[in-house]
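Hello,

Here is the structure I promised to pass on to you. Have a look at it first, and then read on for what turned up.

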Amino acid sequence: MAERTTCVVVGGGPAGMVLGLLLARAGVEVTVLEKHADFLRDFRGDTVHPTTLDLLDELGLGEAFAKLPQNRVQRVQLPTTEGMVQFGDFTQLKGPHNYIAMVPQWDLLDLLADAAKQESTFTLRMETEAVDLVREHGRVVGVAYRTAGGETGEIRADLTVAADGRRSVLRSAAALRIRDFPTPLDVWWFRLPRKEDDPEGGIGVMSRSRAVVMLDRGDYWQTATLIRKGSDAEQRRQPVSEMVASIAEVAPWLSDRVDAVRTWDDVKLLDVRLDRLNRWYQEGLLCIGDAAHAMSPVGGVGINLAVQDAVAAATLLATPLRKGTVTTRDLAKVQRRRWLPTVVVQSAQRFLHARVLGPALSGEIEIVRASGKLPLPVRIMKRFPWFRRIPAYVVGRGIRPEHAPAFARR
């Protein structure tokens with residue numbers, strides 16, 4: 001089977017769905033391919049940052065989003081020998097969204113999909129996996145696909161967009177050059193019950209035994225604990241209760257929940273990668289989001305950067321796509337627009353990997369039971385509350401936030 005559209009977007013994550021919605025509102029014929037039957041995947045990034053919340057308002061979706069089940073993280077705290085220290089205060093951000101919304105990602109994706117389906121030029125194909133690029137005379141002219149039922153075919157398009165994540169099939173098929181940065185860590189994700197008298201918001205814990213981030217989800221903690229890169233199999237030889245107990249040693253309010261994680265099957269591994277393409281495009285092909293730049297989970301900014309990529313791409317490409325004149329020069333404009341935020345965030349993540357998280361995993365940094373002085377950044381946040389807005393701004397708004405183009409606003 002051979003089909004035709006103006007733009008085919010591969011990947012129904014936040015970047016792909018936002019791009020599909022915006023292009024459809026511009027009158028561009030767009031088809032989004034998602035290989036799964038639904039959006040239900042546990043431990044996908046559930047953080048929706050202020051820039052994305054602003055975007056939803058601009059798209060006329062803010063009211064519907066507010067009705068989704070969610071929690072709000074307004075402050076990030078660190079337990080120390082001198083009590084809780086606020087390390088980031090989102091309430092000091094200007095604007096109506098001075099918090100991070102914690103929302104199941106599938107709810108956000110369903111919201112975007114429902115809005116896009118209202119546009120006559122939008123098509124969402126579930127259970128349809130892109131398996132290769134289609135080329136003619138050296139130019140990408142679409143994708144080959146396979147459905148869950150085994151049907152195969154091609155979708156031809158003026159532009160193919162790879163939004164299929166850090167293990168992008170299309171990125172591999174295009175053989176685009178990748179700059180890969182080594183990372184010292186992987187992450188285990190799991191849930192722990194939360195009680196009403198537990199601390200609120202985001203909690204960071206760092207001791208000689210564990211580096212942990214806990215996100216308040218109302219009745220449970222969405223918990224991430226760092227492990228040495230490649231040590232997953234080795235560490236799973238111990239009872240899972242020992243891992244949880246090591247967290248309870250430095251987060252004593254969890255001491256009555258050591259047995260809450262029953263088996264290692266409840267603990268999901270995130271293989272942390274940090275890389276970026278030297279060039280995000282070829283003739284007829286553009287990569288955005290993790291397909292262009294895989295982010296570390298540090299700061300939880302990967303999803304929101306991917307959404308920003310999608311907004312920039314729609315803003316810059318809607319007119320040439322509608323006119324049928326899109327060129328590699330147009331695609332290069334998208335990379336130039338998003339290059340600075342990508343490089344700055346990845347540089348900050350690399351710094352934190354090398355100076356904070358790597359040493360923490362080696363037991364060289366301890367905050368909870370430090371015998372000497374607390375690390376300088378923690379002392380600054382404790383003494384000068386104004387500085388708490390800096391990490392909140394960097395994480396919550398970042399560099400060069402994008403806004404919905406006029407044609408997409410409602």
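What percentage of the 410 residues of the protein count as buried? The share is 55%. Please keep in mind that this is a predicted model, and that every value below is computed from it.

**The overall picture**

The protein has 11 helices and 20 strands. Its C-alpha trace spans about 65 × 45 × 35 Å along the principal axes. For 410 residues, a compact globule would have a radius of gyration near 22 Å, and the value for this protein, 22 Å, agrees with that. Contacts tell you something about the fold too: among those with a separation of 6 or more, 73% are between residues 24 or more positions apart.

**Two cavities**

Next, the spaces inside. Searching the whole structure gives two cavities of 30 Å³ or more. The largest cavity has a volume of about 140 Å³. It is lined by 16 residues, and those closest to its centre are T51, L305, V395, R397 and G398. Helices α8 (302–323), α9 (328–361) and α11 (389–396) each give at least two residues to this lining. Sorted by class, the lining of the largest cavity holds seven nonpolar, six polar and three charged residues.

The second largest cavity has a volume of about 40 Å³. Its lining is made up of P14, V18, T52, L55, L56, L108, L112 and V307. Two or more of these residues come from each of α1 (14–25), α2 (50–58) and α4 (105–116). Helix α2 gives the largest share, with three residues. By class, seven residues of this lining are nonpolar, one is polar and none is charged.

Is T52 buried or exposed? Its relative accessibility is 4%, so T52 counts as buried. Beyond its neighbours within four places in sequence, T52 is in contact with N304 and V307.

**A pocket with another kind of lining**

Now for a pocket. The second largest pocket has a volume of about 180 Å³. Around it you will find N71, R72, Q74, R75, Q77, R194, E200, G201 and D216. Strands β4 (71–73) and β5 (75–80) each supply at least two of the lining residues. Which classes do the residues of this lining divide into? Four are polar, five are charged and none is nonpolar.

**A helix and what it packs against**

Helix α7 covers residues 240–248, and its buried residues are V240, M243, V244, S246, I247 and A248. What do the buried residues of α7 pack against? Their partners are β13 (185–193), β15 (211–216) and β16 (220–228).

**Three residues to look up**

E119 sits in the loop between α4 and β8 (122–126). Its relative accessible area is 18%, and buried means under 20%, so E119 counts as buried. Leaving out neighbours within four places in sequence, E119 is in contact with A24, R25 and R410. E119 and A26 are 93 residues apart in sequence, yet their C-alpha atoms are 9.5 Å apart in space.

The other two residues are here for their backbone angles. Most residues other than glycine have a negative phi. E127 is not a glycine, but it has a positive phi of about 50°. You will find E127 in the loop between β8 and β9 (128–136). With a relative accessible area of 37%, E127 is partly exposed.

R400 is not a glycine either, and its phi is positive at about 55°. This residue belongs to the segment after α11. R400 is partly exposed, with a relative accessible area of 33%.

Enjoy exploring, and write back with any questions.

Best wishes

Key:
Residues numbered from 1 in each chain as written. Predicted model: local features only at pLDDT ≥ 70, side-chain atom pairs only at ≥ 80, totals over all residues. Heavy atoms only, no water. 1 Å grid on protein atoms, 1.4 Å probe; cavity = no way out; pocket = protein on both sides within 12 Å on 5 of 7 lines; lining within 4 Å. Points joined across faces, edges and corners; volume = space filled by probe spheres on them. Helix = DSSP H or I, 4+ residues; strand = E, 2+ residues; numbered from the N terminus. Nonpolar A, V, L, I, M, F, W, Y, C, P; charged D, E, K, R; others polar. Rg over C-alpha atoms; globule rule 2.2 N^0.38 Å. Buried < 20%, exposed > 50% of the residue type's maximum accessible area, 1.4 Å probe, protein only. Contact = heavy atoms within 4.5 Å.
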